[in-house]
Structure formats: C-alpha cells, structure tokens
Number of protein chains: 2
Amino acid sequence: MTNSENSEASDFVVTPWEVSGKIDYKRLIQKFGTQPINDELLERIKKHTGDLHHMLRRNIFFTHRDMNWILDEYEKGNPFYLYTGRGPSGQVHLGHTVTWEFTRWLQEKFDVPLLFQITNDEKFLFSDKFDKVSDLDQVTRENILDIIALGFDSKNTKIMIDTDNAKTLYNAALPIAKKITFSTVKASFGFTNSNNIGEIFYTAIQAVPAILESIWEGRNVPCLIPHAIDQDPHFRVARDVLPKIGYYKPASIQNSFFPGLSGEDGKMSSSRAETAIYMNDTPKQVKKKVNKYAFSGGQATIEEHRKLGGDPSVDIAFQWLYQFFEPNDDKIKKLEEDYRSGALLSGEMKAYLIEKVNAFLKIHQERKEKVKDNIEDYLISD
Amino acid sequence: MTNSENSEASDFVVTPWEVSGKIDYKRLIQKFGTQPINDELLERIKKHTGDLHHMLRRNIFFTHRDMNWILDEYEKGNPFYLYTGRGPSGQVHLGHTVTWEFTRWLQEKFDVPLLFQITNDEKFLFSDKFDKVSDLDQVTRENILDIIALGFDSKNTKIMIDTDNAKTLYNAALPIAKKITFSTVKASFGFTNSNNIGEIFYTAIQAVPAILESIWEGRNVPCLIPHAIDQDPHFRVARDVLPKIGYYKPASIQNSFFPGLSGEDGKMSSSRAETAIYMNDTPKQVKKKVNKYAFSGGQATIEEHRKLGGDPSVDIAFQWLYQFFEPNDDKIKKLEEDYRSGALLSGEMKAYLIEKVNAFLKIHQERKEKVKDNIEDYLISD
C-alpha cells in the first residue's frame, strides 16, 4: 500500500515499511536532514558513559537529531527517557536486536526509564496477512519475551501494547492528529488516496510515547528515541507537531540496517527467511544458514584466497562481527587484517561468527525461558 | 475544514458537519440513495407499536435504509438494538432532541437496548475552538444529563463517551479503518488533503457502535440507527464496509432538520444562538425568543390577517407544533385551518407554542435535576 517517497530517480528506498536497494547513507542523511554523529559528540557521550558502545565507535549508530540538547538537559539535571518500539509481525531476528541492544546500553549507562511500544495495530493495518488484530496476539507475546530477554531492567522499563493501551494512546493521539494533515502524511510517507484511514492516522499513535512521560509527570521530559533510520519519517512528523501542542521535540539516535546473510541490498528481513537468523534458531540452524548463505568476500579457492586475500567490506561474516558480535576492537582489527591478507579463510571467519552467534543465542534463549512468567512486570495498563 | 460534497451546482449542502441552504429532501433522498417511508412500512411498524409516533405520521422521520429487514428479523425473533449519538460541542437545543425523543419511543415500543455514543473526539477534531479534548468535559457531562433527562430507561441504555471508551472503540475501529481508503472518505465527506488525520480516521470510530452488540454477544445482532439525515454519509460508509468484515449492514431511520426560529435555511444551530431554544432556557427566555425571533407566516396587520389568513407552511410557531410539540392530529389540523382562515393570529399561535415548549422544558429541567447523580448508571467502562 505504501509508495516510496524516493520517487525521484534513485537506487534505494527507505520508508518505515520498505527498505530496498543499495543504500547511500550519506545521501539518506541529507535527504532526511539528520546530523552525522561526529567525534565531538562521541567524546561528550563518553564523559557520561565511561566507554563507548562499539556500535557508536564503529558508526553503526551514525546519525542523530538533537543529541546535544539531550546531553545539555541531562547535564543540567533534567534527564531524558528512552522510547523505542517493535512492530510484531513475525519472529524477532538478529537485525531487530541491534537497536534494542544499544537502547539497553543507553538505559544502563544513563540510568533512565525506557518506554517500549509494541505496534500491533500498525502491523495489522499495514499488512494483508492479518484478518483480525488478534491474529497477532501470539507473535506479540513471543516478541515481548525476546525483548525482555535482552536484559531490560523491569524497574526502569515499561512495555505498552498498542491495542491494550489504546485508551491512553488514542486520547493522547487526538491533539497530535489534529495538527497533521493528509498532505503531510502524503509527503512524509508517500501515501496515496488508496491508503487506508487506519494507516493514515497511525503516525499519531507512534508519536504518543514521545510525550507520555511528560503527560504522566505533568511537566516536559526530554525524550530520546533510538531507532533504525527507516523510522525517521514518523519522528520527523512528530518533531514538527509536538511543539505546536506544548511538548519538546523528541531527539533521536539512529542506526543503519543490519544486513541479511545474502548481503543483498536493504536489510535483514523476515520476508527472506534464509537470509535471517531468528532468536529461536538452534545452533545447528545457525551453523547451516551461515555456512550456506553468508555472502563471502573470499576468493574462489583457498589457494587464490591465500594469495590475493579477501574483502572484509562485503564479507557478511565479518560485517556481522564488526557491527554486532565482536565488540573488541583489537580482535576485529586483526580479523580484518588477516582476512585481507589471506591468512584468515572465509570458512574460518564463518566458524568464528557461528561461535559468537550461538553463544549470544544460548544466553538469550535461556533468559527467554526464565522470563516467561515476568511479562506482567513490564506491561502497563491503560 | 470540510468541503461540501454537493459541489455540483446546488442550492443546499448536507454533510455531517454542515447543513445549509434550502434543502430539497426529495433530491437529498435520491442523492443519498435512501428509501422514503411509505404507508406500507408505517402500517408494518404500527403492527408492533400499536400507534405511530406523530413524527412518523407527519413524515418528520421520512426516510430509511433496511427498515423492512429490521422488522423481518424482529418478527423472526431476532430483535435489533438501537444506536444513536451526540457530538457534544455546546448546549443541547430542541433541534437535537427530535431524534432522541423518537429513539426513546422506539426503545419503549420495541423494548430493545440502546447504545448512545458521545463523540467528544469528533467535536475536538473538527473544531478550532478546542485546544484540549478535556475542554469538552463540562459540556459532555451537561449533554449527557440532557440525554438521560429525556427518559431513557437505564436498564436498557448504555452511554459511551468516545474518549472514556477509546480502548473498545479503537480496537473495534481497526478492522473497519483497514477497509476504508482516503478515496472513500474524500468522496463520502468531501475531504481534501488539508483535512487532519484524526478527521480522516474518525468515521471508523462512528461505525463501531453499529457492531458493538454483535462483538459483545458473539453473534450478529441487527442494528437500527435513528439519526438526522446529515449523518447518512457516515453510515453509508459503514454499510459498505461492515459486511466485508463479517457484520450486518446497519439499518437506519432518518429525520429531516428541525428549523431554527428565524426559519432560515438549514437547521437549528447553536452557532446562531438567537434562533435556538436550549434545554436550560427559562420560561421567560423562551417567551422572549419565540415572540421576537419566530418567523411568522401571518400578515402585516391583524386586519389583513383576519381577511387573508396566514401561511402555516412557513410559520415557525406552527412548524414547531407540527413537527414536535403538538402530537394531537385533530388539534394540529384545527391550528392549521384556523391560521389559514385568519381566525388564529400569529401572536396566538406563538402563545400556544410557548406554553407547549415551557411545559416540555419544565419537565425536562426537573428530570435533569433528579438524574444528576445517575450518570454512572448509564456509562459503560472500557
């Protein structure tokens, strides 16, 4: 239902509902109007966090809006809260957890509350797969377990399910919706006259968590939204509208897309299952998928690889280690150099990744089993 | 914000948010595609009600959709429920009570449940007057008292306030909204790209009470909506969409507009306060307004009136008696004849109306005082 907003001759598409093509992040930043994260900002963050998450050091979180204002306020004793979300349309895969892992780190380092929105209404409205909202109940519960299992502190984390918290959301969305015209959503999301009226209204619902703490506290509380860059159009609209009804513009910090195993354009996607690794995958499945599908930057034969070396910049096993699974900079540097020189083979890189992914999933799956009865500690009621 | 849907050269406009011009009800019926209420249908209704409400006998309720189906089902032992509503933007005036008085009569005669929707979200979204939804709280409460004071049986009547019942409404609206495109609301309500996304979504919220009994009962229950004809576009959309998600089309029975005192085109409207009589008006105010503003069908002098007679078809005092305050057919016939002959003067017609209106308001205001603490008996919680 969604048309690309990149309707000018362009080789990539980034909207909240479609990511495809070879993404030129520099052009995306210009197009969206966000700020690159520079060394000065990194130093400023480090003053508060002690160290920098490798996703910051390596520019996986690469752009932001108003992070300096968030830190100004924080330093003045006016701390922010975090807001992120999940559209529960299917199983959680590794690509989803990039933003959440970083959000968890921010929460821990700054000791701030987190509001986690589960947008089952959005998924229902935007997908032909679901006849009833309740078709999403099972996957919603399962997704929430995956989120909790990442280690969010229940004392500082509230999860809201849009349909369960619809009274809060609809009421708070009304003054927001009143300030957004169809022209705006048309321009921001590429909507047409064929979009349904639920889709058209929806961005107002996604804006609400950016003001909920302010509503609850009865005073303006700064909000920082870690999110993948494709969600930026929602928050661009929110930033435009919320000051008109008396709230701060929400700030944001944005990550690039985690690639699928095949290394194709776009991002890891559940719609191409063989390129995704799910949180429930077994060690055997992980091994098989990585070995079979992970795009290799290596040469055709071991001999050639030893002689010519591989290209880590396109090697998915290396990219996954770099972006997510190997936080140690010395180690990642060595992997890169050895791969480039030919000392490290593609199979060895993959074996190392498989080990890392399976260690991560083992902990995750154990935690998930443990938190099964803890969901209620996180959910809020209307 | 709302453009007329009567954009073809036309001398009247009827949308849920604007009624103006000299309304040609015959053309309106053709345009909207409703069925006129004929003698055969009246006889059929009478079989169940014993008598006919004077608003039926006098064609004030003049058109319908699927009333015969409603009666078919009723006769098969599958009774309907009633759904009507109120947009609480200001004080209730006499014009509003036409539909409700008739609804109360239907409820009593057929002994069926009534769902009464208070659309404070709609009024907030469609009016520039309100900055916050809570700006409507006082008027909402006051309006509900006026509704209850009309005599609805608390055992058979549920009142829902959209913002209080937003969880129920938003959830039930989602599958409805999913089936309505912007093209549809554009065509149905004359919306443009400048309408806000709350307005665009809203018709899905107004459709929900037409399926709520079915949701609650877990089986399809026929729904009959008594309403003023200007709301028809909402229910035309609802009738189109609800069968697509497994529900009956709601039936409707529709009244024409109660004229303002000045007899100008359109309907009684709070935006022209001097032409409206409010439920809280004192006997003195009523007397003053009727004497001062009620458009007269009489002649310029008593002598001329005695000689030439008056025109009851444009005399507002007579029209109010005919449409609402004098249910007795013999009496109304005599008033009409005497006025036409010149035997009855305009001042006498007005005096009779004033007496009737004040008797009605006296009972109403006394009841309103009595039901002040009964609101909770009617409201439903999410």
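Start with strands β5 and β6 of chain A, residues 81-86 and 114-118: they run parallel and are joined by five bridges. If you want one pair to look for, take Tyr83(A), whose bridge partner in β6(A) is Leu115(A). Helix α11 of chain A, residues 209-217, packs on the sheet and touches β5, β6 and β8 of chain A. The direction of α11 makes about 130 degrees with that of β6(A).

Now the whole sheet. It is open, has seven strands with mixed pairing, and in chain A the order reads β3-β4-β9-β8-β5-β6-β7. Which strands stand at the edges? They are β3 (35-36) and β7 (157-161) of chain A. Each has a single partner strand, so one side of each is left without a neighbour in the sheet.

For chain A the mean pLDDT is 94, with 97% of its residues at 70 or more. Residues 1-9 of chain A are another matter: pLDDT stays under 50 there, although the model has 21 contacts beyond four places in sequence for that stretch. Where pLDDT is low, the predicted coordinates should not be read in detail.

Next, the domains. Chain A is divided into domain 1, residues 23-256, and domain 2, residues 273-370. Their C-alpha centres lie 30 Å apart. How many residues are in contact between them? On the domain 1 side of chain A there are 13, in contact with 13 residues of domain 2. Elements giving two or more residues to that side of domain 1 are α3 (54-57), α5 (94-110) and α7 (137-149) of chain A. By class, this side has six nonpolar, four polar and three charged residues.

Then the contact between chains. Here 31 residues of chain B are in contact with 31 residues of chain A. On the chain B side, α6 (120-126), α8 (166-177), α9 (182-189) and α10 (197-207) each supply at least two residues. The most comes from α8(B), with seven residues. Sorted by class, the side of chain B that touches chain A has 15 nonpolar, nine polar and seven charged residues.

Last, two backbone details. Most residues other than glycine have a negative phi. Asp66(A) is not a glycine, yet has a positive phi of about 65 degrees. Asp66(A) sits in the loop between β4 (61-65) and α4 (67-75) of chain A. Is Asp66(A) buried or exposed? Asp66(A) counts as buried, because it has 20 C-beta neighbours inside 10 Å, and the cut-off for buried is 20 or more.

In chain B, Asn59(B) also has a positive phi of about 65 degrees without being a glycine. The loop in question lies between α3 (54-57) and β4 (61-65) of chain B. Asn59(B) has 15 C-beta neighbours inside 10 Å and therefore counts as partly exposed. For a sense of distance, the C-alpha atoms of Asn59(B) and Ile215(B) are separated by 34 Å, with the two residues 156 apart along the chain.

That is what I have; I will take questions now.

Notes
Residues numbered from 1 in each chain as written. Chains lettered and ligands numbered in written order. Predicted model: local features only at pLDDT ≥ 70, side-chain atom pairs only at ≥ 80, totals over all residues. Contact = placed C-beta atoms within 7 Å. Helix = DSSP H or I, 4+ residues; strand = E, 2+ residues; numbered from the N terminus. Nonpolar A, V, L, I, M, F, W, Y, C, P; charged D, E, K, R; others polar. Domains from an automatic or database assignment. Buried ≥ 20, exposed ≤ 12 C-beta atoms within 10 Å, placed from the backbone. pLDDT = per-residue confidence, 0-100. Pairing = 2+ DSSP bridges. Axes fitted to C-alpha atoms, helices over the stretch in contact; angles between N-to-C directions.
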